[in-house]
Structures are given as structure tokens and as C-alpha cells.
Amino acid sequence: MCGIVGYIGTRTAYDVLVKGLHRLEYRGYDSAGVAMISPEGKLNVYKTQGKVEDLERFCDSKDTAGTIGIAHTRWATHGEPNDINAHPHMAPGGRIALVHNGTIENYGVLREALEREGRVFRSETDTEVLVQLIEYIKETSGCSTLDAVREALREVVGAYAIAVVDLDNPGTLIGARKSSPLVIGLGEEETFLASDATPIVEYTDKVVYLNDDEIAIISRSEPLKIITTDNQPSQIDIKTLRMSVSELEKGGYPHFMLKEIFEQPRTINDCVRGRIGNSGSQVTLSGVIENKDKFLNARRIVIVACGTSWHAGLIGKRLLQEIGRIPVEVEYASEFRYSNPILDERDIVIAISQSGETADTLAAIQMAKERGAFVYGVCNVVGSSIARATDSGTYIHVGPEIGVASTKAFTGQVTVLAMLALAVGSIKGTIDKQVKADVVKGLRNLPSLITKTLKLNDQIERLSATYTYAKNFLYLGRGYNFPAALEGALKLKEISYIHAEGYPAAEMKHGPIALIDRELPTVVIAPDDEMHEKIISNIQQVKARGGSVIAVITKGDETIREIADHVLEIPQVPECLSAIITSIPLQLLAYHIAIKKGCDVDMPRNLAKSVTVE
């Protein structure tokens, strides 16, 4: 979940590294640091607790010269956030510096072994164990730094992406990965290294994605070389980035989260473009077409995901069962991998992840493939680990999502799952032609419907001031909108630190109703669908106990307008797509309450965007 940047070239490395850290700060912001080799041959390491801007202030009067370096922004795993535990970490000899993303699971055993050899540790991190191990191997065997890195990585158990600089090789940068992302950018007389492409796109569109157990040797004087930890050469596969710098800027918005909420008409249009036509009801997903027999003969589908993607998966379950008539289960990837699941070649596992790097989801994919299942990926980041690990899949194409709380990725995931259900239902003949035409028309209309819904922004901003006092929230929904209730509650928890719970509205009377009083606001998602009359009864039950109700309703619903304290009107939409529209006001409500409370919505405490560790 940490962010790594590396650079070697002709520019001042510090400038490139710090700009890159700002691009990666959504991956962690507990501490930050840089290491550069100066023209005089000195290894300068500067690091501090806090955000990248704190690092910049710390470095104001420091020597930041040099054209090779590495940098890191941290989300803490081993050791609390402080200056000592911040990266880069140096070996005691002062000649090797290393940054690391991931978790070394056997670091305790390795540390004890090194301590028996007389080595002293300053930090609590697993990363310092790795850099000390590299130095120990180099000193005791007399080998090169590269060979020491390779041998050290063969000793560790766990996940890692690392970057290493060494005074003995001032013209070389070493990178390596296992179960944690690392990408190399190839420029003119310069090379970049980063956890993802966002720090690179400003300088080059040519990239190489490292695979597991690969080590990159990046040199001033020689072409890029990649080997395995077994010292075998690897093929270099150069890809072209399709990302613009403007996508990584706020574009006049005060926060990335608000920008990304308002981008959704465009991102959903990008998501469906080329997959549904401007007329007719054809849905074209190459991943389904190329694997038609897999879907025709599937015994069941298992969706694995985490967090917001899991909520999208719950909606996907209902879509695939109702339209495709295939049994579907939805599992937390973190639990699925330890549940000894029963899988075989008749099963399809759909893995959903915005980043395409979620560690638990990747592990679930590996397990599913080992047991013979066909694995289909739904992710956003082109070239990500999940995109490369799955048998087939569909990108959501919503562009970089920088805000830690997912917004446009959620609606993109649900949109892809709706198209997937339509495609499967079409090849199986399980969907009525008129129903299909209505849903496809609804997909085409989504961008304009979202645009209309975003006009609620000013109303929600005013409304949010009323609820900044709340310590708890309850979110209720039924059918397709029960997962939307879960997602709305998660958004509020993530960025405002208000405890919130999502429930199926009918389950309220089986426990949560005991919490209802004047101090507990209840958000009820109540579009005009087949559950409408029943959810009216749920609202009346809340009001009868003195609760305050914010209702998301279909425009023109006078019945709920008369009952609820506040209503947020959305346009009519096909029921199976309604969660895409109802989620928009919930995103805005969470955003504005958090802003009113003075919270940092783009960098909420204790969270990071890509969960690449267990």
C-alpha cells in the first residue's frame, strides 16, 4: 500500500521523486522519504513522519543534488509512523538504501538470525531487515549488490516491491517485485520506476510491468535488463500507456473525490462506449464472446472482491442470477482464500478490483486457477497484476481514481457487471428481448441521468450541515439497493469517521430498530420499484420512533415526500441499474458532511487506495 518512485537520468532526481510521491500519496501518507546519490558520491537520505509536503519542508536546506535516487510514501504495517520507521532504510555501512512496499512475513526469524551475527537494528520495520540482509550477504560472500539482492529475496517469505541504490554502483538502480506492483518507464536517456504509472506518464508513455520474482537492473550505460531471482533472463515486454496528465490533476475542484464524483457522466460513457451501440440492444464484451462455452456450461459463478468492489459484486450477483440464470456466490477475497473452497473447471470466478493489485484478491485468483476454475477479471488499471493474472476479463475504463474513497470505480464496476449479465443472458437465451432492450437503453441513458442527479449537489451541501453532529447513521435499502446502502455507509465511515451501518430495510426490525431515536439519522434508498410499498412501511417504522429520515426517491414520489424529513429526488431508471444512480447522492452526502467536519476527504486517516498487503 506504500508508494515507490525511482529515477536515473539527466534531471535532478529529487524534483522527479517528490513530484512522483505527490502522485502516489493516495497509496499512503504516514511518512515519506528520499535517497539520492550526490555528484560527490555521497548517499543522502532524508525522511520524516507526515505527508510529502512535510518532507519537502524538511529538505528545504538539504543537499538534494544528484541524478539517481529512490523515494517512498508509507502506509504503516510494521512499526508505528515516525521518522525512524520511515523509508528509505539504510544498511549500517551507509552504502545501500532501500524502499519497500509489501510485507516480509518471516522478518522476525531473519532479524533474530542477523542479531545473532551482531547486527543492530534501529527501526521496527521488516524493511530494515531486508536491507540489512542484503548488506550482510554482500559483506560475507564478497558478491555484487545485485547478487546480494537476488540471494536475499530468495530468503524472504511474503510480498515485496523494492528499489535499491548503492554507492558501489552509483550508475545503477535495482528494482524487484513479488505480489506487489512495480512498473518501469522508459524515456530518452532516463528511466523511471514506480508502484504504478501515475508518476511516469508525465515523462514517457513506454512502460514495462515487472512480473513476480523478477529483478530489473536499470543502468545509465546499458539497456534495461530483467532477470529472475533464479538468475534467468526475462523477456522485456514494452507497453504503451493510455493515460493523460490531466487525469491526475484536480481540474479546478477542491478535492479529487469531488472531481471524480462529477466525472461519472463521462466515465460511464467511456465504460459503455464500444460495448453497446447507439441503437439496438446488442452488448459486446470480447471476454464473453471469446469464452462463450465457459459461460454456457458454468455450474456457478463465485465473485471475489474487497470493500467497495465487494458491494459491486453483491449487485453483480443479482444481475447475473436474474438475467443470466446462473447461481452466484459473493465472497470477501480475504475470507475466500482461507475457506478451502470447492472449485473445479465448471466454475467461473469473477475477481473485482479497482486497482488490479489487491493482495487478497490476487491470492484468491491464484487459488482459483490452481483448482481449475476459469477466472474473469473486472478492474480499472490496464496492465495491473489482476488483469495479467486472470484468464480473461473486462476493464471498466473510468480513468485513474486518486481519491481514496472509491466513487467512479464503483459505478463503473456495476455498469460492467450489468453488461456482463446482459451478454451472458443473451448467449444463454435467458433474457426477454424487450427487457434486454429496456436495460440497454437504460445503460445508454446513464450519463444523462447521472448529470441530472448531480444537480442535487447544492441541496445536499446545505443538508449536510444539519447532520455533522451525528455520531451514527443507519442506511437502509432493499433489492438492488441493499448493496447501495452498504456502500453509502462505507463512504460516510471512510471520510467523515462517523460510524454508519447499511442494512436490508426489512432486517431493521430484527435488531437495528432498537437504535432508532432522535439522534440517529436514517438514510433510506427508496426508488420507485417493486419494493416501494414495503420500504414505505420501513420509513414509517423509523418515524414512529422519532427517527430522522433522509430518503432517496424517484422524482414525483409524493407519498414518501410527506413522510420523510428530507428527500433527494433522482430520475427514473430501470430497477437493475438503480444502484448506480442512487449511489450518487450518497457519495455527495458523505463528501459534504466530511468537509463540514473539516476532514481530509482525499486522504482519510489510516486508509490507502491500493491494499497490496494482507
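**Entry 1: an exposed partner.** I started with E139, which is exposed because its relative accessible area of 53% is over the 50% cut-off. I kept in mind that this is a predicted model. I then looked up its partner: E139 and R119 meet through their side chains in a salt bridge, 3.6 Å from N to O. R119 lies in the loop between α3 and α4, while E139 belongs to helix α4, 20 residues apart. R119 counts as buried, at 12% relative accessibility.

Entry 2: Which residue forms a salt bridge with D347? I found R300, with the closest N and O atoms 3.2 Å apart.

Entry 3: My search of the whole structure gave 37 salt bridges.

**Entry 4: the sheet.** I followed an open sheet of 5 strands, ordered β21-β20-β22-β23-β24, with parallel pairing. β21 and β24 are the edge strands, each pairing on one side only. On average, neighbouring strands are turned by 15 degrees against each other, direction ignored. I also saw that helix α17 packs on this sheet and touches β20, β21 and β22. The direction of α17 makes about 180 degrees with that of β21. Lastly, I looked at β22 and β23, which are joined by 6 bridges; V523 stands opposite I550 in β23.

How values were computed. Residues are numbered from 1 along each chain as its sequence is written. This is a predicted model: local features need pLDDT of at least 70, side-chain atom pairs count only at pLDDT 80 or more; totals for chains, interfaces and linings use all residues. Side-chain values use heavy atoms; hydrogens and water are left out. Two strands pair if DSSP finds at least two bridges between them. Helices (H or I, at least four residues) and strands (E, at least two) are DSSP runs, numbered from the N terminus. Axes are lines fitted to C-alpha atoms, for helices over the stretch in contact, and angles run from 0 to 180 degrees between N-to-C directions. Contact means heavy atoms within 4.5 Å. A salt bridge is a side-chain nitrogen of Lys or Arg within 4 Å of a carboxyl oxygen of Asp or Glu. Buried means under 20% relative accessible area, exposed over 50%, partly exposed in between (1.4 Å probe, protein chains only).
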